[in-house]
Amino acid sequence: MWSFFHKLGSPPWLYGIAGSILRYLLPVTVIALVVGAVWGLLFTAPDFRQGNSYRIIYIHVPAAVVALAGYYVMAAAGAVSLIWRMKMADVAMKAAAPIGAALTFVALFTGSVWGKPTWGTWWVWDARITSMLVLLFLYLGVVALYEAFDNKEAASKACAVLSLVGMVNIPIIYKSVDWWYSLHQPASIKFTGESTIDSSMLYPLLLMITAFYCLFACAMLMNMRAELLEREAKTGWVRKLAAEGAH
Amino acid sequence: MYFDSLQAVLEMDGHGMFVWSAYVVTVIVLVGMVAHPLRRRRRLLRDIGGALRREQGAGQEVTN
């Protein structure tokens, strides 16, 4: 058990294992995304009330779900880096932030484009949408804060604190559709009780959610690998790797 | 397949513009998300390798 944690703190081991995981996970993820998108776009029936615009659900919901889940990953890594000063946790936190920002942007953009034909407006200062916008700013804040400090340790501490404070926003996003009268529809997929979505629409949606989770993992591992190379540029293992011209 | 022609796929009963622009922007963002770290890592390896060769070259000149 302890040897596992010891390995986890070892940059060359982490770099290598991330590469091995990516070799399998990335192709599987791309296939799942293509299959899920084609399934949702071409092989499902339109929604009886919204028509074909509902097909945006197959990217909107996965992006939003994983953007939220990514925040837990980032904040957890921030907590570990703050409490135990684990360097790899800091690498993980820095790797998660831009991906979270990208996915939150996708959720907001697709939501806006979906809103026009459905609600008649591109944007509304609705509780769900506004709290997602706050999530985007939290992610971007962490990205910007890293760049703002010359001192790496101070940057990592400030980012960890920001991401932990930002956790307040997460339950607000989840509960926003129940707490406030909102244009945004409540969740269709429920863990307890029956989902209010037809199974012919549910399966491609679940596939896309899984694929987006895998994509998050892939992008995060790739960011971590690049970050490790940069931080360890002066060490023997990186120099050996660069000399071999290995990719 | 739900649609019976390519035209129908593109138009989606008037919602085509919305659906396709959402998907296109998403694809661009997702590809960028993966391409960015890939390019960054390749560039780092190239730069570190280049610096290493220059260092070795300089070292050989000194010993010669």
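I looked up the pairing of A:Arg239 in this predicted model and found a salt bridge to B:Glu55, with the closest N and O atoms 2.7 Å apart. I take a salt bridge as a side-chain nitrogen of Lys or Arg within 4 Å of a carboxyl oxygen of Asp or Glu. The count between chain B and chain A is three salt bridges.

I then noted which element of chain B contributes: H2(B) gives the most to the side touching chain A, with 23 residues. Helices are DSSP runs of H or I, at least four residues, numbered from the N terminus.

I recorded the extent of the contact (heavy atoms within 4.5 Å) as 30 residues from chain B and 45 residues from chain A. B:Tyr23, B:Met33 and B:Arg41 supply 19% of the area that chain B buries against chain A, more than any other three residues. Buried area is the accessible area (1.4 Å probe) that two parts lose on being put together, summed over both.

I next examined B:Pro37, placed in helix H2 (residues 16-63) of chain B. B:Pro37 has a relative accessible area of 1% and is therefore buried (under 20%, 1.4 Å probe, protein chains only). Beyond residues up to four places away in sequence, B:Pro37 touches A:Ala219, A:Met222, A:Asn223, A:Ala226 and B:Gly32.

Conventions: local features need pLDDT of at least 70 and side-chain atom pairs pLDDT 80 or more, while totals for chains, interfaces and linings use all residues. Residues are numbered from 1 along each chain as written, chains are lettered from A, and side-chain values use heavy atoms, without hydrogens and water.

Key: Helices (H or I, at least four residues) and strands (E, at least two) are DSSP runs, numbered from the N terminus. Buried means under 20% relative accessible area, exposed over 50%, partly exposed in between (1.4 Å probe, protein chains only).
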